[in-house]
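Please load the model in your viewer and keep the selection panel at hand. The tour moves from the whole chain to single elements and residues.

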Amino acid sequence: MAAPTDKPRVVPVDDFVRDELYPGYVQAFGSQPFVAGPVRPFSKADNARYWLRDSLHFSEGMVPASIATLDDAQTWGAQLGAEIVGVPPTLGSVNRLAGTHVYIGTIDVDTDWQIQSRAARFGQYVTPVLRDFDSYWSARAGELQSAYDHFDNLDLTAMDPAQLWTVLKDTYAFHRRAWFIHFEVMYVLTANYLALYALAEEIGLEGSQVSAFLSGQQTFYSKTDEALWKLASRARELEVSGPLTHADPASMRGQIETLPHGRTWLSEFDAFLATYGQRTEETCRIDTPSWIEDPSAPLYAIGTFLSKPAGFDFHAARQQAIAERDEQIEAARRAINGSDLARFNEALASNQAANFAWWNEEHNYLIDRRAAIPVRRATLELGARLAADGRIERPEDMFFLFKPELYGLMEAGATPGGAKWPELTAMIPDRRAYFEDWRPRGPQLPTMLGTVPDTVPDPIMIEVFGLSGHFLQTLKAGAEGATELRGFPAAKGVADGTARVITTVADIHLVQPGDILVCGGTTTEWTPVFGIIKACVCDTGGSLTHAAIVSREYGIPCVVGTAAATQIIKTGDRIRVDGRAGTVQVFPSGQV
Amino acid sequence: MTEAPVLDLGDIRGAHAPHVGPKLARLGQLAYAGWRVPDGYAVTVTALDGWLPATARGDLEQLLTGRTADLSQLADRARALIESQPLPSWLEDAVGAAHQRLGDRTGHGAGLRVAVRSSAVSEDGAGASFAGQYETYLGVTGIAEVLGAIRKCWASGYSAHALEYRRRFGGAGPMRAHDLAVGVLELVDVRSAGVVFTLDPVTGDHGTMVVEGNWGYGESVVSGHVSPDHWTVDKASGQVRTRRVGAKRSWSVFSAAAGRVTLEPIPDSLAGEPCLSDEEVRHLCEQAARIEAAEGVPQDVEWAIARDTPFPDSVFILQHRPETTWIPPAGKPTEPAGETAKTFDPVQYALRNVFKVRGA
């Protein structure tokens with residue numbers, strides 16, 4: 001036996017290195033890690049299909065570093081999820097960028113054999129999951145939570161750049177895994193929900209009622225709102241309301257500190273942040289801080305709540321919502337008979353046990369608003385070392401490097417294109433200017449690019465974004481000069497009032513108590529504003545969209561999926577929202 | 001909340017559970033769905049709120065903060081103090097009107113005999129710990145007696161709550177029996193009573209229904225004091241498959257003297273006789289199957305047959321609840337046996353009607 005040696009043994013591949021597999025063959029990617037390609041800019045060929053502006057998830061532009069997280073989320077995660085679950089009509093989604101702004105397209109399955117074989121797989125995968133959804137989801141939630149525990153407890157400041165690079169690679173791997181979980185669960189639950197929806201319509205109920213049958217569960221987000229209202233009422237008790245309602249968020253902390261009970265309130269606020277602050281304002285965006293880093297958003301929310309004279313009784317509202325829900329379920333049951341009733345009860349029980357309405361809110365805390373935070377922290381910490389070494393000017397410059405570039409530089413000293421640090425850092429100012437140039441253009445971009453279809457074959461896209469036949473028709477015909485918009489009746493009630501058109505969450509501070517909010521779509525970050533508005537109208541969204549759920553919670557009318565509300569309605573217009581009929585009437589300002 | 005202090009059973013729905021307690025709410029829902037249930041009315045939690053006058057509350061707090069160690073003695077004194085308080089006249093009027101309506105509806109008029117039952121609203125542990133202390137009065141006649149029984153039911157709630165609070169926290173607690181409503185239901189003169197299971201509770205077989213019963217009130221069957229008569233019925237065809245006459249040594253009867261249902265030795269003439277005809281057995285199974293279909297899960301259904309009333313008007317449904325023996329524990333996958341009875345498969349339905357997969 002040979003003596004052990006420290007020297008690694010290399011059997012050289014040099015003899016086998018070639019440019020081509022066979023003479024004359026130019027290698028192309030036969031199988032990428034994506035079913036249908038990573039995030040790309042638009043090309044002419046894209047005119048043949050539809051592309052929907054996804055302002056629901058990405059209302060602002062993407063910096064270069066966020067392209068990798070977007071890739072792993074809505075492209076890779078959706079495609080792997082659709083593949084593993086075997087969703088029959090879709091292979092998931094693809095993304096295109098207009099400038100820096102995100103569009104989403106779907107990949108339809110277009111042969112019968114593939115649809116049939118996916119359907120068989122789908123049954124095998126989904127049936128056991130729905131039978132025991134609790135165990136299935138808690139295993140995944142546990143996996144995500146333990147990853148956060150790991151990353152949150154790392155002392156990044158004590159690490160050298162090599163260690164930080166390892167952590168950054170780990171956070172990317174985790175981010176990708178989190179998004180696979182996201183889509184795996186989403187596809188399963190949407191199918192369950194849409195089955196109940198379709199059954200309801202088959203047996204003579206309104207499909208739009210169904211989401212209300214599943215409401216009333218407490219989510220991490222409703223708990224966050226409740227905690228914020230509590231902090232508002234504590235601010236009144238401790239007499240620190242002044243700075244919260246009048247000061248700029250950046251100077252609020254300092255002003256509160258000088259008040260007699262200021263420190264008490266701030267310590268309660270910090271305790272809130274420790275529990276609820278691990279979230280960012282948008283999905284996948286490495287350049288947005290968490291609430292812990294920048295608490296402007298929760299401070300703004302508290303200020304908004306303080307502008308209402310009374311608090312909001314969450315307990316009473318929830319009790320009432322539950323009583324209404326049960327009353328609606330009972331009414332539905334009375335309207336159905338015989339075997340239909342048995343089927344309805346089983347479909348409802350399946351949805352109560354595996355509840356998309358609940359998960360749709362709950363998962364944001366564990367995935368959408370949090371998964372990119374570990375990547376952000378490691379990126380900025382590594383950026384700080386690179387800045388100290390003079391490689392880049394400041395840590396935030398890292399946002400303007402693409403992940404493959406960073407990989408090349410960190411592992412091989414050069415990007416795949418052969419660029420080294422000085423050449424790359426020279427590009428950062430231009431990239432930053434490009435991002436800034438595109439930033440304000442998001443709200444003006446068309447809702448859809450390419451060929452507007454008559455119908456969308458993927459029922460999940462229809463549900464999530466509200467791509468009904470009516471929606472598509474409105475886009476086709478154009479809605480210029482329209483005085484009535486139609487959409488999905490998301491929350492009942494009628495309200496008259498003044499429209500406030502808001503196209504980015506950054507502008508929600510412009511919303512005044514009593515306004516009717518008109519927007520592209522809302523996410524959890526918009527929630528505080530629902531405490532002061534009279535009604536809500538959105539361009540996109542279906543029955544389970546965030547705006548629909550929160551409007552029901554706060555008892556205000558809501559219409560979603562109108563396709564063109566933000567284009568037709570101007571701030572200051574008087575409008576009437578009928579949340580049961582799903583209509584919005586527009587009376588341009590000056591006209592009564 | 002502006003809620004009527006007294007609700008007729010016909011106006012009670014499942015959603016009224018916070019006001020009248022889950023049992024009465026379920027009974028109202030059953031009545032609404034068209035089942036024959038004992039008619040009645042409920043005095044809601046809202047009516048009870050704030051009933052006890054401030055002076056009586058003061059006396060009660062003094063009593064409870066005193067040094068009496070003997071809890072049963074204390075309970076008696078607390079109860080006597082509460083029972084001595086008159087009901088407010090608006091409430092007496094509302095109960096009087098509801099009682100008269102009930103007399104008219106049942107056709108018994110002033111001769112109406114009723115059961116007055118405490119109905120705990122909370123289904124949590126607190127309610128359970130008071131369970132034995134909440135009262136039921138059977139065979140009550142006349143509005144004066146009814147008002148007295150309502151006051152006693154409430155007093156039992158106050159004293160139980162107060163004593164529980166004292167036991168846990170010491171001293172006097174908040175004097176609100178906030179989780180107690182009272183139901184006043186016509187007293188059915190019961191010939192036979194028992195339970196239908198919409199699946200075989202022993203084997204879990206969804207194709208078989210089981211009926212158990214005895215002569216007299218259902219308490220003897222529910223409490224397990226007798227070996228009841230036993231029928232198995234084929235669910236699909238409705239045919240009675242097996243009949244077994246139980247070794248019934250006792251039965252539950254209403255004793256006017258005791259004012260409650262008591263367990264007595266059964267007369268020899270009844271002991272060896274089945275308490276139901278096949279026709280009644282089949283009818284009960286039909287009713288139970290419909291309740292199961294409406295609820296979506298297997299049920300056990302308590303029933304009673306009234307004496308001297310022509311069939312099928314004689315058949316009353318008293319209450320139903322999910323049959324828990326064969327529901328798999330939460331978090332465990334369903335056994336294949338449980339699936340055969342399912343009529344809706346979300347996966348197959350989604351493939352067919354959502355994803356429109358051809359031939360699915």
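The stops below each name what to select and then say what is there.

**Before selecting anything**

This is a predicted model, in which local features need pLDDT of at least 70 and side-chain atom pairs count only at pLDDT 80 or more, while totals for chains, interfaces and linings use all residues. Residues are numbered from 1 along each chain as its sequence is written, and chains are lettered from A and ligands numbered from 1 in the order in which they are written.

**Chain A as a whole**

Chain A holds 20 helices and 13 strands, where helices (H or I, at least four residues) and strands (E, at least two) are DSSP runs numbered from the N terminus. Of its 592 residues, 46% are buried; a residue is buried if 20 or more other C-beta atoms lie within 10 Å of its own, exposed if 12 or fewer, and partly exposed in between, with C-beta atoms placed from the backbone.

**Strand β10(A) and its partners**

Select residues 535–538 of chain A, which form strand β10(A). A:Ala535 and A:Val537 point one way, A:Cys536 and A:Cys538 point the other way, and all are buried. Between β10(A) and β11(A) the chain passes through helix α19(A) (residues 546–554), in a β-α-β crossover that is right-handed, meaning that, with the strands pointing away from the viewer, the path from the first strand over the helix to the second runs clockwise.

**Helix α9(A)**

Which residues of α9(A) are buried? Select residues 262–276 and find A:Trp265, A:Phe269 and A:Phe272, which are buried. Seen down the axis, the buried residues of α9(A) fall within an arc of 55 degrees, so they line one face of the helix; the arc is that of the directions from the helix axis to the C-beta atoms. A:Ser267, A:Asp270, A:Ala271 and A:Ala274, on the other side of α9(A), are exposed.

Next select A:Gly383 in helix α14(A), which counts as buried because it has 22 C-beta neighbours inside 10 Å. Its contacts beyond four places in sequence include A:Ile392, A:Pro395 and A:Glu396, two residues being in contact if their C-beta atoms, placed from the backbone, lie within 7 Å.

Then go to A:Arg439, in the loop between α16(A) (421–438) and β5(A) (448–450). A:Arg439 and A:Glu60 are 379 residues apart in sequence, yet 6.5 Å apart in space, C-alpha to C-alpha.

**Where chain B meets chain A**

Finally, show both chains: 25 residues of chain B are in contact with 37 residues of chain A. On the side of chain B that touches chain A, the elements giving two or more residues are α11(B) (278–295) and α13(B) (346–354), and α13(B) supplies the largest share, seven residues.

Notes: Expected span 1.5 Å × (residues − 1).
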